[in-house]
Amino acid sequence: MPIPDTVPILGISWADALFLALAAVLLGSALLVVTLRDIIRSGLAMVSAFGALAGIYVLLGAPLVAAAQVLVYIGAIAVLILFAVMLTQEKAAPVRLVFQTQAIPAAIAAIVLALIIALSVVATDWGAVGRRIATATDALARLLFGQYVLPFEVVGVLLLAAVIGGVYIAKREDRDA
Amino acid sequence: MTAVTGYWNRLSLASRALLVLVPALLVLGGVATVALALLLPPLLDFLGANLGLVRFIIAATVIIVVTIPTAFVIIYMELKVIARMNLRVGPDRVGPFGAAQSVVHGLKVLSKEDYTPAGVDVSVFTLAPVAVFLTTIMSFLVIPFAPGLVAQDLNIALLYFFAIGGLNVVGLMMAGWASYNKYSLIGALRAAAQAISYEIPLTLSVVGVIILAGTMSTTAIVAQQSGSFLDWNVWKQPLALLVFFIAATAEANRTPLDMTEADQELVAGFATEYSGMRFGFFFFAEYVNVFVVSAIMVVLFFGGWTAPFDWPFPVQLALDPASLGIGLLFLIALAPVLGTVILALPFWLGSSRISTLQALLIGFVLFNVVAVAALLGWAFVSFDWVVGLFWMLAKSYVFVFVFVQMRATFPRVRIDQLMGFAWKWLLPAALLNIFVTAIAVSLVGKG
């Protein structure tokens, strides 16, 4: 007697149920990121949102992307953000944090972004794109370093320029001081 | 009624217990047998139909359980090895040679007060040890212990390992920040800086191995190193091993690179405000981490479960236990009794001061030792995975020993030296290793 294909009572497939659970965690923690008063807690909620997103990638059949998501976004970016916040933040910070005064511009930006995403979702022919793309590591690598090598290199140069710019700014402030 | 109570009162304590227990056991046994007969076939069907899921759940449970003895062994090893290096005796009170000392430590930590200081962020404070311990256990999932003995054979196992390993630092930062203590906060900041710096050379150093193997699956990497010890990756990637070893020491927060809890500057770093089992989890995770790092190093560079050389005298069991038939039953029934008596005889005859009972006891203990040795030998000869497990654990504990030895040997470095070393030496070395490996592979092939 194998486990039934659908969740008992609810009647949706297990993959859908998992997706719903992950999406709920993702949206819930994303909301917490912008509503929590404590900036470190916001950062931790962001970590949990990234983790749920990685889970959704796995569910979509792209474990490589999921691992990269965890490695880069949680392991490096979120940790760096938390690091910077802890380094600069006073424990007795004002309760009303600066970024929460920007609620109206943020709302406008969010609505515009949602519109763009909705437009692109509607405009895409999902029948053509929806066929399963090979997401094995070597296939992905061949695509990245074969067909898309130029965009890849351009992104690399861009990041390098950003690093050099960051170091330059940091050093310039150092000299002035 | 009085007759029954009178009879009951005349019984000794043991007979009263027997009088109650035997009928109860009989009834329970009968019920259990019937239930088993009724429920077993459908249960087996259910388990058989969902083999993948069942296998995963069992594997995850086994991993969580196995971390306990692993940590205990390493803690005992650390106490004893460092004591020997300091010309001390080390623990010698509990158990033979103090071997149960770490169990006592565990019980002590469990029974201590789990104190929450004022001013801490309680939920983050409580979740931090969970996060640290969870990531440590999750990285166990992809370590292959023997052919087929891996919790989950992912094809991106190495990437998964480093991704999960990088999560560890989130827990440390949570602990340090939530503690509301400047030493803890500095420990957390150091943990973050150190983890980000050392993760890059750690991950890059493995790229050479991945280029050689053409896969990120840990089982495939081990399988490609089978043969003698000359086929191990360590001969092809010595620089990668060096970089990996140093970076792994920093990632596992081991002395000399344990700046996150440097006692002479930070009291105990991120763990300063922790006590009881919440501290116990950090402690536990650290030692399990030492094993995980050693194991992954063995997998990548020292051939994992493969034996370093072929056993020169192949042993073939002439006797197949299954072919004994009913004889096996007699063997199981008679061997303990006969073995005990035979092993007891020399003591009984040899010394008149040893009573019959004492001689039998000695015989029983000796028989158990012999039987366990014989069973292990039989398993070693008969099953591939026992051999693999043996070599895997033996090699891993060699590196655990190296980590322990390093702790007693090297002085702690300074934080700026630590960061400078990562960026100025380890990272270029790892990059150089990738280039040299790639050039060599494209010139002469993977040979």
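The contact between the two chains, where contact means heavy atoms within 4.5 Å, takes 25 residues from chain A and 30 residues from chain B. This is a predicted model, in which local features need pLDDT of at least 70 and side-chain atom pairs count only at pLDDT 80 or more, while totals for chains, interfaces and linings use all residues; side-chain values use heavy atoms, with hydrogens and water left out. Residues are numbered from 1 along each chain as its sequence is written, and chains are lettered from A and ligands numbered from 1 in the order in which they are written.

The area buried between chain A and chain B is about 2400 Å², and carbon and sulfur atoms give 79% of it. Buried area here is the accessible area (1.4 Å probe) that two parts lose on being put together, summed over both. Between chain A and chain B, one residue pair is in polar contact, with both residues at pLDDT 80 or more. A polar contact is a pair of N or O atoms within 3.5 Å; within protein, one must be able to donate a hydrogen and the other to accept it, and residues adjacent in sequence count only if both atoms are side-chain atoms.

On the side of chain A that touches chain B, the elements giving two or more residues are α2 (39-59) and α3 (63-88) of chain A. The largest share, 15 residues, comes from α3(A). Helices (H or I, at least four residues) and strands (E, at least two) are DSSP runs, numbered from the N terminus. The residues on this side of chain A divide into 20 nonpolar, two polar and three charged; Ala, Val, Leu, Ile, Met, Phe, Trp, Tyr, Cys and Pro count as nonpolar, Asp, Glu, Lys and Arg as charged, and the others, Gly among them, as polar.

Turning to the chains themselves, chain A has seven helices and zero strands. Of its 177 residues, 18% are buried, that is, under 20% relative accessible area (1.4 Å probe, protein chains only). Chain B has 16 helices and zero strands, and 41% of its 447 residues are buried. The C-alpha atoms of chain B fill a box of roughly 90 × 60 × 55 Å, taken along the principal axes.

Methods. Buried < 20%, exposed > 50% of the residue type's maximum accessible area, 1.4 Å probe, protein only.
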